[in-house]
Amino acid sequence: MTTYYDENRDKLIANQRAYYQANKDKINEKARKSKIICECGSSIPKGHEKRHYDTKKHQNFLISKSDYLTSFHYETSENNTDDNTKS
Ligand SMILES: [Zn+2]
């Protein structure tokens, strides 16, 4: 006699895989949250934001950004960080 699991084995495995894939993203995201991706593109350890804001790299970014802002309104979205951290 076949069990429910036997009959739906492929389906269950596929579901499990899909769940794992979805979960994997969340796990990665969680790990990512210990670091902050600054709008300048740098990844900063959490708690070091203020120190980072004084760095030359960030200051240069702010300068180039303010130049940018004079021409049109540019909104930095948090979604922008996704591309930086996928690798
Ligand atoms: Zn920065």
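Analyst: The term pLDDT stands for the predictor's confidence in each residue, on a scale from 0 to 100. This is a predicted model, and for its chain the mean pLDDT is 78, with 70% of the residues reaching 70 or more. Confidence is highest in helix α3 (residues 49-53), at a mean of 93, and lowest in helix α5 (residues 81-85), at 55, and helix α3 is the part taken up here.

Of its 87 residues, 0% count as buried.

Within helix α3 lies Tyr 53. A residue is exposed with 12 or fewer other C-beta atoms within 10 Å and buried with 20 or more, so Tyr 53, with 14 such neighbours, counts as partly exposed. Tyr 53 is 15 residues from Cys 38 in sequence, while their C-alpha atoms are 9.2 Å apart in space.

Ser 34 sits in the loop between α2 (9-33) and β1 (35-37), and Ser 34 is exposed because 9 other C-beta atoms lie within 10 Å. Between Ser 34 and Gly 47 there are 9.3 Å from C-alpha to C-alpha, although the two are 13 residues apart in sequence.

Methods: Residues are numbered from 1 along each chain as its sequence is written. This is a predicted model: local features need pLDDT of at least 70, side-chain atom pairs count only at pLDDT 80 or more; totals for chains, interfaces and linings use all residues. Helices (H or I, at least four residues) and strands (E, at least two) are DSSP runs, numbered from the N terminus.
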